[in-house]
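Subject: Structure handover

Hi,

Here is the structure for you to look through. My notes on what turned up follow below it.

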Amino acid sequence: MTKDRLLKFGIIADSVCDICLAHQEDHHHLLYSCPFSAQCWDLFKTWLNINMPLAGVLEWGLKWRCRSLLKKQVVLAAMAALVYHIWIVRNKCRIEFQIPRPCRVLADVPATARLHRMFKT
Ligand SMILES: [Zn+2]
């Protein structure tokens, strides 16, 4: 659960993002608009050489028309892996108070994307 939901249920007292400490944490902020996440997505787009909008990136991925079904599957798996790793960073940040560099997060995406594809088929 993101902090906005935990706050809504009275489990926590504030919903400030643990990564940037500047905005309220909801799923959109955490996964896309947090400066850390936005840096990760910028690196991701450069890595895959794909021009995708940051706003609505998942919707873009689902509607993306690509000539190669395999390429689309790989990109979608990599997107899911990046979301997973941003979530892991958020959880580690709450416990260990450490934020890895975005390039370190991107380095873990390929291996996770391969696992994701393996379990999906
Ligand atoms: Zn943030």
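Predicted model: local features only at pLDDT ≥ 70, side-chain atom pairs only at ≥ 80, totals over all residues.

The protein has six helices and zero strands. From the N terminus on, the order of elements is α-α-α-α-α-α. Along the principal axes, the C-alpha atoms fill a box of roughly 50 × 25 × 25 Å.

Two overall figures. Buried residues account for 22% of the 121 residues. Of the contacts between residues at least 6 apart in sequence, 48% join residues at least 24 apart.

Now helix H3. H3 covers residues 35-48, which is 14 residues. At 1.5 Å a residue, H3 should span 20 Å; its end C-alpha atoms are 20 Å apart, which agrees. Which residues of H3 are buried? They are Phe36, Ser37, Cys40, Trp41 and Phe44. These residues cover an arc of only 135 degrees around the axis, so they sit on the same side of H3. Asparagine 49 follows H3, and its phi is positive, near 55 degrees.

Next, the core. The largest nonpolar core has 20 residues. The members that touch the most others are Cys40, Ala78, Ala81, Leu82, Ile86 and Val109. H3, helix H5 (69-96) and helix H6 (102-120) each supply at least two residues of this core. H5 gives the most, with eight residues. Take valine 109 as a case to inspect. Setting aside residues up to four places away in sequence, valine 109 touches Ala78, Ala81, Leu82 and His85.

Last, a loop residue. Glutamate 25 lies in the loop between helix H1 (3-8) and helix H2 (27-33). Is glutamate 25 buried or exposed? The cut-off for buried is 20 or more other C-beta atoms within 10 Å. Glutamate 25 has 23 within 10 Å, so it counts as buried. What does glutamate 25 contact, leaving aside neighbours within four places in sequence? The partners are Thr2, Lys3, Asp4, Ser15, Val16, Cys17 and Leu30. Glutamate 25 and alanine 38 are 13 residues apart in sequence, and their C-alpha atoms are 14 Å apart in space.

Over to you.

Best regards

Technical notes. Residues numbered from 1 in each chain as written. Helix = DSSP H or I, 4+ residues; strand = E, 2+ residues; numbered from the N terminus. Expected span 1.5 Å × (residues − 1). Buried ≥ 20, exposed ≤ 12 C-beta atoms within 10 Å, placed from the backbone. Arc of directions from axis to C-beta. Core = buried A, V, L, I, M, F, W, Y, C linked by C-beta atoms within 7 Å. Contact = placed C-beta atoms within 7 Å.
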